[in-house]
Every structure is written in structure tokens, then in C-alpha cells.
Amino acid sequence: MDSCMTLRRAQVNKKLRICSVGAPGELGRRIRDMGLIPGAEVTVVGKAPLKDPVALRLRDFTLTLRNSEADHIVVEAAE
Amino acid sequence: MATPKLTIGLAGNPNCGKTTLFNALTGSHQHVGNWPGVTVEKKMGHALAGEAELDVVDLPGTYSLTAYSEEEKAARNFLIEDRPAAVIDVLNADCLERNLYLAVQIMELGVPLVLALNMMDEVRKSGKDIDTALLTRLTGCPAVETVARQGKGRREILAAAYSLALMRAGEWTPLRISYGPDLDPVLDEMEAIVEAAGIMAGKVPPRWVGLKYLEGDPSVTRRGREASPEAAARLETLTAKVAQHLKKTLNTSPDAIIADYRYGYIAGIVKQVVRYPAINQERIRLSDRMDQVLTHQFAGPVVMALVIYLLYTLTFAVGELPMSWVQNAFSWLGDSLKENMGEGLLRSLLVDGAIAGVGGVLGFVPLIMIMFFLLSALEDTGYVARMAYMLDRVFRIFGLHGTSVLPFIVSGGIAGGCAVPGVMATRALRSPKEKLATLLTAPFMTCGAKVPVFLMLAAAFFPGHEAAVMSAVTLSAWAAALLVAKLLRSTVVRGESTPFVMELPPYRMPTLRGLCIHTWERSWEYMRKAGTIILAISVLIWAAMTFPALPDDANKVFDDRAMAVNAQLESQAETGEDPPAELEDALARIEAERSEAALRTSFAGRAGVAMESLTAPAGFNWRVNIALLGGFAAKEVIVSTLGTAYSLGEIEAEDAAPLSEMLSKDESFSKAAALALIAFVILYAPCSVTIVAMAKEAGWRWALFSMTFNTALAYVAAVALFQVSRLLA
């Protein structure tokens, strides 16, 4: 598990797998509603002009997250 | 033999094509209302399934059925309280997994459910394959393929919903998913408790209540306490215990486990139903390629500035002509009434009160139609989501949301907008606190009706620097809006920012039909207001400026003076020469002075005079006070009222040169006062039309708050500015 990092620090266009989602309350609910749950594969496909928020590609769609929200999501590199 | 009409609900995620399907199902037979208790729009319509007429209700677009957002609350309450005969869940089939998350939650409630696999054209284009028959078998819900924007599958989905509704005849059959070894035993225990205590009995399945307890749902918890405090206490203890256990053993929470298992259940279905293309997996979609340019670090903002600029110029360039038609039509109506009616109060009421007031509002209709047409187009393409994405970092500093940029721009972020469509455009914001802060500050922007005031003052006190003044005004308006937003978000609208978790839907071509329906709805809403509340306000303002009338003896002084001039004119006419221009001017001047005296005598005038002691620290005299009072109704009134108060007769807002001259000569009105007045007009209460629009979006409480708060703020700013610039001068 030493390869784990928060999503904020993930590089663009690297395939990642979600290890855990630690967000509490409403934020956690919203993140999970979108299918960001442990095991899901995601790729950071872009960052806004001011580096925040980030655009995240899941298998079927793209969503955006603020860096402060990405902090709650721990990911690891997917081969 | 009239059978009772069945109600069909239309549920689905945002951006799944639900509204398009709703339009395709109901055509023009729809009407808009509000969900009880929330300010979310409720759309209803009729559709035919064969011979049977169905009521179709469009639920707000949601990702889930928790009770966090107003949309979710509205959707859930409809399912539980109104018990529709069947629900059509519109799924974006190109993104089936996430879309089934809502479907599964509806299935857990047990409502008869039909799945509309929408956007099947996109699915085929992306090379995916969906086994619809298998999906029906696995979920137990009839699934129908649709392409809403082409109207495909419209009849089939209605027929499926209708026959399911008849077959089930109001009976709910809830789905039971396993939530694993930690939660299942607790859920069983809870189910027994809920059933015995009768919590929400007959409305929802007992196991669902248990699930909501585990999810920490505040509204279900409250209803549990109301139904049976004792059972509720037991349920809460069970929840706390399992939450503690999960925290200790797995470092997670019940709601996270629930989401995991739900998605697990869905993944099991999707794995069998959807076949992804083997090679095309890595193909970069067109939409993603577009995003590489449109949200690029440098190109993105440039394109965005261009889009905003175009939206704006197009609106006003195209809107100008029809706008002048409407305004001309109203002034023609006013003029012909003037000619065909004897002078008197009734004529004045109709012409100066009703027609001027309502005409002023309706004059904006073409502008609003074009603005909303373009805005909806921008929204439907998916570009607005990108704008929010790019600008969020900036707006977040002030407690706002990336999407706040649109209402600001429309309200006059580029001088010349209108706060009414601006306020209405805040509807696109899905985060309630950010929406409220945006709505309350957007009216600071330099709307088209305020522009003449600034131009007139600039011409009077800063001749030659009008452009600089206008730029400074626009920038100050932005600064005021953003800073006040920050202030509000740290005081009355305090609270954590709403999560930005937001979908970036693929770029799509909007449908003309959808745009037209949307534009018409918004414009109609605006026109209806003009016919009712605005009419009343116009008449009220007219009355305040007309009554009490000038007393007879004062009137007689003017009559005598006019008679003397008239006598001179007549004697001139006898000589056969053209009457000298001075005499005509003198006559006009007397009438203008009479109007001034009449205005001063009226309630509004008395109020203006009475307020002089209050407004003296800001440098405003009674004339300015009356004009500002008129501005509560509509900002267009400010310049014309000021003209009357300065005895200039009728002043056109577009050509206020005489007024500028007059003001610059008036010793009781200094340059410092002009600065203070500019600040005051930027900040003070929004016009009555905007207030009504605000009340519609956020309730009367906030509309009245904005009226008083903005005026107080404007007063403080004006006094400070006046005093400081007087000291410096």
C-alpha cells in the first residue's frame, strides 16, 4: 500500500484505482453517488486553468472535483 | 365511464435527456409549478398511451434519493407521498452503471419502475452493446430503448409504463439487496422494529426505513421520532452501534458500505448486460478532444471571454430591433389614448401609470427571449459546465460557485444587461448557498437602465471622461458584488461550500424544440409578472407622484402667468408677425415649473423633502431623493424624474444633456455628491421587477432582505464617499 497517494497529487493521464474514500457527510455521499468508490478506475484528464478543480474520467463519463475534495480520495496506480 | 387518470413520474440523473423525453412525451401540453416547500420547479403534462390519458410529472434531476438537496427531497417526497402509478427512470445508457444507482434506489422503494435506455444512438456510436432483454430480466423492470431527441421509443415507453401500472395496480414490490455480513443482520432487526412501531407504515417498505437510518437520513429519523419515540431510540442505538463497529474494524461508515454494495449489485448487472468494444477502449472521444482546447490553460479562458462577449453582443444586437417595436407600440398606445381622451386623472393614470409602467417591462421581453434562447443553448451544449469548471477557483474565494459567472454577466457584468433574467438564470446553480449569494449580489451589476444615470452624471461632472467613468462603474459593481457575496457567505448565508462534484457531460447539439420550449417558459413567466405585480407597483408609484394635487391657489399662480404670456402671444398674432421664440419658451418653462411644483407637493415629493436631512450627509437634495424613490420601481425612472424635479419638463433618458447642464450648475449638487450618487445607484435596492423575480427564486424574505440591506449599504457607501471626497477637494 506504499504506492497510495491522495488524488490531488495524481499525475494527469495516469490510470488510477481508488483505494478509499474518506470524506464524511454530504461530501462523501455525493462522491459515492457518482460511483467514486473503492476499486473504481479513474484517470485525471485535465486541470482547470488555475490548477483547480480537476477533471476526472471514469469508465463512462467525466466529472470535476475540487482539490480540497480530491484530498479525501486515496488512489494507487493501476497497472 | 371515466377511469381515474394515472400519474406517471419521470425520474433520472441530470444530463440524461429527461427533459427532452418529457417534452417528447407531452408536447406542448405542460405547465410549470413549484414543489411544495422547496423552490424547485415542478413540470407537469399530459400524454396518451393508446386511449388512456396519463398525467406525467417531471421529477428534478438527481443522482440519488437521499435528502441532501432540495431536488432530492422533492423527488423523494413525490414518490412517497403522491405514490405515482409507475415511474419511468430515464437512464443515459452510455453511462449505465452510474445511472442505475438511482434506479436501484427507486427499486428498493418498490415503485413500479420502467427503464428508459436513453441516448442509445450515442451508445452505438461508441461501439458499446447493451442487451436490453437481459437487463429487463435481471432487474425485473421493463426496459425500453429510446432516443429522446429524435422522439424514438416515445410510444413504447409510455405503453410499457401504462401496462405496468395496470398490472401492479398500486402495489409496491421492493427490491432487497444484500448489504453484507455487517449490515444485513442489523437491517433485519430494524425491519422488525419499524414494522411493529408502524413508522411511515403504508408509505414505504420497513427495510427502506432501516436503510435510511443507517445512512443517517435526517428527515426519516425525524419521522421515526414522531411516530414512536421508543422505537426510534432503539433504531438510533442500533445505528450508532453498527457505525462504531464499522469504524473500529474497517475504518468506514454504514453509508459507505451501503454505496459499495449497491454499486456492487449494479456492477454485477452491468457486467452481463453491457459489452464494451475490445479495441475502441482507448479511443479518445470527440468530446474529450474538444475539451483539450476548450478547457486548455491558455486557450480555454480566451475562448470563454469570446463566448461571453458574443452571447452579449448577439443578444443586444438582435434584440434591439424587436425591443424598439414593442416600445414604439406602447408609446403609440399611450399617445393615441392621450389624443382621444380628455385631460384628467384617468388619462394620466392610464398613460403615465399603467402603460408607461407595463410597457417599460414588456419592452424587455424580446431581449429576455433572445438571452434565454442563447443561454439555454449554451447550457444544453454542455459548455456552461466547462465555464463553471474553469472559473470555480476564482469565484470560490468569494464563497460563490463557478456557475455564478452567468447570472453576473447577464445582470450587467458587461454594462447594459438586466438583473431580471440574471436573477432567473441563477436557477442553473445547483448549490443552494452559492445560488442565494449570487442572486443577492447580481443586481449590483450595471444594468441597461442604470447606464443613463451614470452617463448623465459623467457628462455633468467629468466631461470628456465618460468612458473612464463607465469602466470604473462596471469594475466597482463587480468589486461590490464579489465583496458583498463574501460578506454574505460569512454572515447570513454562512456555511460550508457545496461540494463541486459535478458532471462534465459530453458536448451535444441542443435541440431547437427544447430551446424554444425553455425560452417560452421563461419569457411567459416574466410577462405574467408584468401584467400583475408590476402593474400594481406602477400605479402605486404614479399615485405617489400625483397626489395630493397642487392646491388651486398655487395652480392659479401658474395659470395667471400662462394667461399673461398667452395674451402677449395673441397680440403678436394680430400684428401678423411670427410670435417670438422667447414667448413659446416662456410658456414651456411655466408648464415645467408647474410640474416641478406638482411633484414637490405630491407624497413622493414630500417624502423627498422630508428625507433631505437624512440624505444631506450624502449630498443629495430633495430632487435627487424623489428620483431615487422612483428608482425603486424601475431604474429607468431616475433620469426622467430628476428632469421633472429640475423643471425641465419631459426628459428622454437617452438624451439627458439639458439635465447634465442643469446639474453641473446647481450649487446644491457638487461633484462629491455626484460620486456619492453613482455609488448609491450601483448599490441600492434592486428595481421592483427584480425584487419580484428574486422572491420567485428564493422567497419574499430574501427579496425584502435585499431591498433593505442594499439600500442601507448604499447609504453608508454614499455618505462615506461624499464626506471623503469633500475633504479631499
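Colleague: How many residues does the contact take from chain A and from chain B?
Modeller: Bearing in mind that this is a predicted model, the contact draws on 33 residues of chain A and 45 residues of chain B.

Colleague: And how much area do chain A and chain B bury between them?
Modeller: About 3,400 Å² is buried between chain A and chain B, and 54% of that lies on carbon and sulfur atoms.

Colleague: What about charges, how many salt bridges does the rule find across the interface?
Modeller: There are 7 salt bridges across the interface of chain A and chain B, and one of the salt bridges in this model joins the side chains of A:Asp52 and B:Arg393, at 3.7 Å from N to O. Polar contacts across the interface come to 21 residue pairs, with both residues at pLDDT 80 or more.

Colleague: Which elements of chain A give two or more residues to the side that touches chain B?
Modeller: Those are helix H1 (25-33) together with strands E3 (41-47), E4 (54-57) and E5 (62-65) of chain A, and H1(A) provides the largest share, with 8 residues.

Colleague: How does that side of chain A divide into nonpolar, polar and charged?
Modeller: The side of chain A that touches chain B has 14 nonpolar, 5 polar and 14 charged residues.

Colleague: Switching to strands, which strand of chain B is joined to E5(A)?
Modeller: E5(A) is joined by 3 bridges to strand E10 of chain B, residues 502-504, and the two run antiparallel; within E10(B), B:Glu503 stands opposite A:Leu63.

Key. Residues numbered from 1 in each chain as written. Chains lettered and ligands numbered in written order. Predicted model: local features only at pLDDT ≥ 70, side-chain atom pairs only at ≥ 80, totals over all residues. Heavy atoms only, no water. Contact = heavy atoms within 4.5 Å. Buried area = accessible area lost by both parts, 1.4 Å probe. Salt bridge = Lys/Arg side-chain N within 4 Å of Asp/Glu carboxyl O. Polar contact = N/O pair within 3.5 Å; in protein donor to acceptor, adjacent residues only side chain to side chain. Helix = DSSP H or I, 4+ residues; strand = E, 2+ residues; numbered from the N terminus. Nonpolar A, V, L, I, M, F, W, Y, C, P; charged D, E, K, R; others polar. Pairing = 2+ DSSP bridges.
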